[in-house]
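Subject: Structure handover

Hello,

Here is the structure we talked about. Please open it alongside these notes.

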Amino acid sequence: MKICVIGLGYIGLPTAAMFANSGMKVVGVDKNIQITDSLNKGEILIEEEGLADFIKKVVSQGLLKGSNFPEEADAFIIAVPTPLKENKCADMRYVESATRSIVPFLRKGNMVILESTSPVGTVDDLMRPILEETGLCAGTDFFLGHSPERVIPGNILNELIHNNRIAGGIDAESARQISALYKSFVKGDIYETDTRTAELCKLSENTFRDINIAFANELSKLCEEFGVNVWELIEICNKHPRVHIHQPGPGVGGHCIAVDPWFIAEKNPEIAKIIRLSRVTNDGMPEFTAQRILKILKDIENPKVTILGITYKPDVDDIRESPILSLIDILKDHKIALNICDPFVKGAFDAVEDPKEAVKESDLIVLAVHHKQFKNLNFEELSKLMRTKNIFDTRNYIDAEAAQKAGFSVYLLGK
Ligand code: SAJ
């Protein structure tokens with residue numbers, strides 16, 4: 001079996017390596033020459049636990065190679081980005097061009113699978129007509145469907161193997177063939193369904209999470225009014241066997257949860273009311289966080305703030321759609337001087353690695369992302385370097401008692 005994986009990002013690259021590791025011949029296709037050149041040397045440009053060694057192994061075994069163009073294969077897998085446009089609609093141009101790039105190589109008996117998270121109808125209405133320009137008929141001459149990735153950045157290799165998977169086909173045989181292909185490395189269950197259900201499943205999973213986080217964020221604002229600690233509230237509520245409230249925070253980031261709900265809402269905005277409102281609630285959290293910060297700083301002249309963490313979530317190097325970048329922009333608009341510290345993001349935003357370096361002469365530390373390096377901050381040491389000893393924890397992560405002991409005034413989001 002030969003497979004062509006188009007798009008070598010956080011999903012395409014590890015997926016290509018999984019197929020290669022199960023003994024298939026895999027061509028990884030990307031327009032970016034740097035990515036394919038590195039791949040052919042057995043190297044990668046992204047950071048993901050265990051991925052570098054895994055790629056090195058399959059490339060050196062001759063099972064995976066990089067190329068800038070597709071070629072004939074038994075199966076084509078599309079794993080390109082589907083970003084959000086300014087108007088909050090999905091930008092499908094990469095899926096469209098990836099589909100077109102397959103056309104010259106599509107043969108009878110082939111399989112085409114979309115992995116990219118996409119609005120409902122993408123396979124039927126966008127991909128199918130393009131692929132049928134070959135004169136081949138989907139379902140009769142080739143198999144077609146959607147098998148969305150569901151892995152969490154930071155644990156991708158493990159989740160690719162062990163998560164349950166969806167195999168959506170334009171007909172039952174396509175679903176069966178897709179399922180059989182992924183069984184080569186997936187140990188979780190694979191559920192066969194139609195393409196539209198598969199598309200909406202993926203969007204609904206991330207939307208469920210977004211709505212639940214919006215609820216937690218709304219509770220955190222209410223708790224500040226009620227004089228209740230939201231973190232304690234949620235912890236106790238979640239002792240109920242059927243309640244699982246998510247965690248509040250300074251916003252929702254990443255290219256999935258902050259994006260996918262819009263793919264549902266774009267088609268039927270008048271119906272998708274809760275979905276839209278949740279997005280707006282979560283997108284408003286950087287502003288809410290900034291207002292708390294400004295309140296803490298109100299009596300300090302020319303205040304200087306140290307932000308700990310700028311990635312979209314802890315222990316990853318990914319800053320895409322990070323709410324902390326919005327928070328930084330808002331604070332800059334208010335002319336607040338900022339020092340940024342993030343051990344995972346070197347170089348960007350003049351970020352330094354060491355909190356001790358970052359907090360010098362600061363009036364406030366904002367714990368924005370709960371990276372593991374920030375778990376045991378040495379407050380005694382930090383307090384000596386600061387001008388005013390304030391700390392604002394947006395994640396309920398720091399040892400508040402230790403900070404208070406070292407002379408800090410401690411503030412908590414949602415309290
Ligand atoms: N967040 C909260 N509170 C929470 C949980 C998360 O504020 O209780 C925030 C995080 O800080 C982060 C954002 O949400 O900014 C998203 O992080 P995440 O860890 O929830 O999810 P992602 O975006 O890294 O990955 C999600 C996963 N989807 C689900 O868990 C339903 C993953 O399985 C998907 O494969 C991935 O989206 C994707 O590619 O769609």
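The notes below cover the middle of the sheet and then the nonpolar cores.

The model is predicted.

Strand 5 pairs with two strands. Strand 4 (residues 75-78) runs parallel to strand 5 and is joined to it by four bridges; here isoleucine 77 has isoleucine 113 as its bridge partner. Strand 6 (residues 143-146) is also parallel to strand 5, again with four bridges, and glycine 145 is the partner of isoleucine 113 in that strand.

Strand 4, helix 4 (residues 93-102) and strand 5 form a right-handed β-α-β unit. From strand 5 the chain passes through helix 5 (residues 122-131) to strand 6, in a β-α-β crossover that is right-handed.

Now the cores. The largest nonpolar core contains 38 residues; Ile3, Phe19, Val26, Ile55, Leu64, Leu181 and Tyr182 have the most contacts inside it. Among the elements giving it two or more residues are strand 4, strand 5 and helix 7 (172-182), while helix 1 provides the largest share, six residues.

Leucine 181 is worth a look on screen. Setting aside neighbours within four places in sequence, leucine 181 is in contact with Met1, Ile3, Phe19, Met24, Ala75, Ile77, Met111 and Ile113.

Regards

Methods
Residues are numbered from 1 along each chain as its sequence is written. This is a predicted model: local features need pLDDT of at least 70, side-chain atom pairs count only at pLDDT 80 or more; totals for chains, interfaces and linings use all residues. Side-chain values use heavy atoms; hydrogens and water are left out. Two strands pair if DSSP finds at least two bridges between them. A crossover is right-handed if, with the strands pointing away from the viewer, the path from the first strand over the helix to the second runs clockwise. A nonpolar core is a set of buried Ala, Val, Leu, Ile, Met, Phe, Trp, Tyr and Cys residues joined through side-chain atoms within 4.5 Å. Buried means under 20% relative accessible area, exposed over 50%, partly exposed in between (1.4 Å probe, protein chains only). Contact means heavy atoms within 4.5 Å.
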